[in-house]
Amino acid sequence: MKRPATVLLTALAPVSWGTTYAVTTQFLPADRPLFTGLMRALPAGLLLLALSRVLPRGAWWWKAAVLGALNIGAFFPLLFLSAYRLPGGMAAVVGSVGPLFVVGLSAVLLGQRPTGRALAAGVVAAFGVSLVVLKAAGALDPVGVLAALASTASMSTGTVLTKRWGRPEGVGPLALTAWQLTAGGLLIAPLALLVEGAPPALDARALGGYLYLALANTAVAYWLWFRGIGRLTATQVTFLGPLSPLTAAVVGWAALGQALTPVQLAGMALAFGATVAGQLGGRRTLVSFSSSERNRRKDSMDVTGAALRR
């Protein structure tokens, strides 16, 4: 599939995640963030596991557990903790620095040199998101800020490691997504039981909300996300992240009657422009990385051929 189509399909993941706040507040029981995270991850993981019918092998047992912890098991609880302790959209603002995390981690773990365009786009994206979601508030809660930073670092690291490790031969993104969601859900389950107690009683409205979160918002969205990581650079993928708070703002305006000010509209334009710039900047990184990968493979073939000739 051509790169623009891959970008658009991958972008559906953060767009879907942007509906999470509206669904949570309008359909789900209040004050059960860990149970909500569990209901998002584990049913979706088990469903995809049944569809893929592939289990990890060898080192991929621990790799899947690590990725599941970073992308799901640690990310969900830390994200919810920050959202509950920080005012307004501060958690989203802290989360919007994810592209900068990924640019730095890609330089260390993937050998991809950061470009000035990527760094500038990351700063502009965070500033644009802050204009959209940040409102006047009192003193910030240190625990909430640390949780927001930790959640961003967790998923950023998971994104880069997913790119670095790739997938086992013959294993598609569906199975890789299933492994991570299942591992992450199993990690959240005891934490949810310990902190929040027994699951709450659910009515039809709540069941419908959890069904949406598990299927469209998690199973399909994370499959598209990890599929995109396999076909794009880690930087390109993470620059799609700001689409999540932008979608949340649009849904709040369209479905919840929340007004959008001129400043918010300007912030949306800045964040969206930075997202596009991140894709254009990532294209050159992708070409450079692909070229180096081809050279690495060629060198490997030359060495192998010389060894066979000996």
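Helices (H or I, at least four residues) and strands (E, at least two) are taken here as DSSP runs, numbered from the N terminus. On that basis, the protein reads along its sequence as α-α-α-α-α-α-α-α-α-α-α-α-α-α. It has 14 helices and zero strands.

The structure is a predicted model, in which local features need pLDDT of at least 70 and side-chain atom pairs count only at pLDDT 80 or more, while totals for chains, interfaces and linings use all residues. Residues are numbered from 1 along each chain as its sequence is written, and side-chain values use heavy atoms, with hydrogens and water left out.

**Burial**

A residue is called buried under 20% relative accessible area, exposed over 50%, and partly exposed in between (1.4 Å probe, protein chains only). Of the 310 residues of the protein, 46% count as buried.

**Helix packing**

Two packed helices are described by the angle between their axes and the distance between the axes. The axes are lines fitted to C-alpha atoms, for helices over the stretch in contact, and the angles run from 0 to 180 degrees between N-to-C directions.

| Helix pair | Angle between axes | Axis distance |
|---|---|---|
| α3 and α11 | about 60° | 8 Å |
| α7 and α9 | roughly 40° | within 9 Å |
| α9 and α11 | roughly 55° | within 8 Å |

Angles under 35 degrees count as roughly parallel, over 145 as roughly antiparallel, 65 to 115 as roughly perpendicular and the rest as oblique. With an angle of about 60°, α3 is therefore oblique to α11. Helix α7 (residues 98–109) and helix α9 (residues 142–165) cross at roughly 40°, which makes α7 oblique to α9. The crossing of α9 and α11 at roughly 55° likewise makes α9 oblique to α11.

The crossing of α3 and α11 is right-handed. A right-handed crossing also describes α7 and α9, and α9 passes α11 in a right-handed crossing as well.

The residues L47, L51, L211 and L215 make a nonpolar surface patch of about 360 Å². Patches consist of residues with over 30% relative accessible area and no salt bridge, with like charges joined within 9 Å and nonpolar side chains (Val, Leu, Ile, Met, Phe, Trp, Tyr) within 5 Å. Accessible areas come from the Shrake-Rupley method with a 1.4 Å probe, and for residues only the protein chains shown count as cover. Helices α3 (33–52) and α11 (204–231) each supply at least two residues of the patch.

**A salt bridge and its surroundings**

A salt bridge is a side-chain nitrogen of Lys or Arg within 4 Å of a carboxyl oxygen of Asp or Glu. Side chains of opposite charge can pair when their charged atoms come close. The structure holds one salt bridge, in which the side chains of R32 and E196 meet at 3.4 Å, N to O. R32 lies in the loop between α2 and α3 and E196 in helix α10 (residues 173–196), so the pair ties together parts that are 164 residues apart in sequence. Both R32 and E196 are buried.

L34 is found in helix α3 and is buried, with a relative accessible area of 9%.

**Loop residues on either side of α3**

D31 is found in the loop between α2 (20–27) and α3. Although not a glycine, D31 has a positive phi of about 60°, and at a relative accessible area of 55% D31 is exposed.

The loop between α3 and α4 holds R53, which is not a glycine either and has a positive phi of about 50°. R53 is exposed, with a relative accessible area of 74%. A59 is found in the loop between α3 and α4 (60–73), and its 37% relative accessibility makes A59 partly exposed. The C-alpha atoms of A59 and P168 are separated by 9.8 Å, although these residues are 109 residues apart along the chain.

Technical notes: Left-handed = near helix turned anticlockwise from the far one by under 90°.
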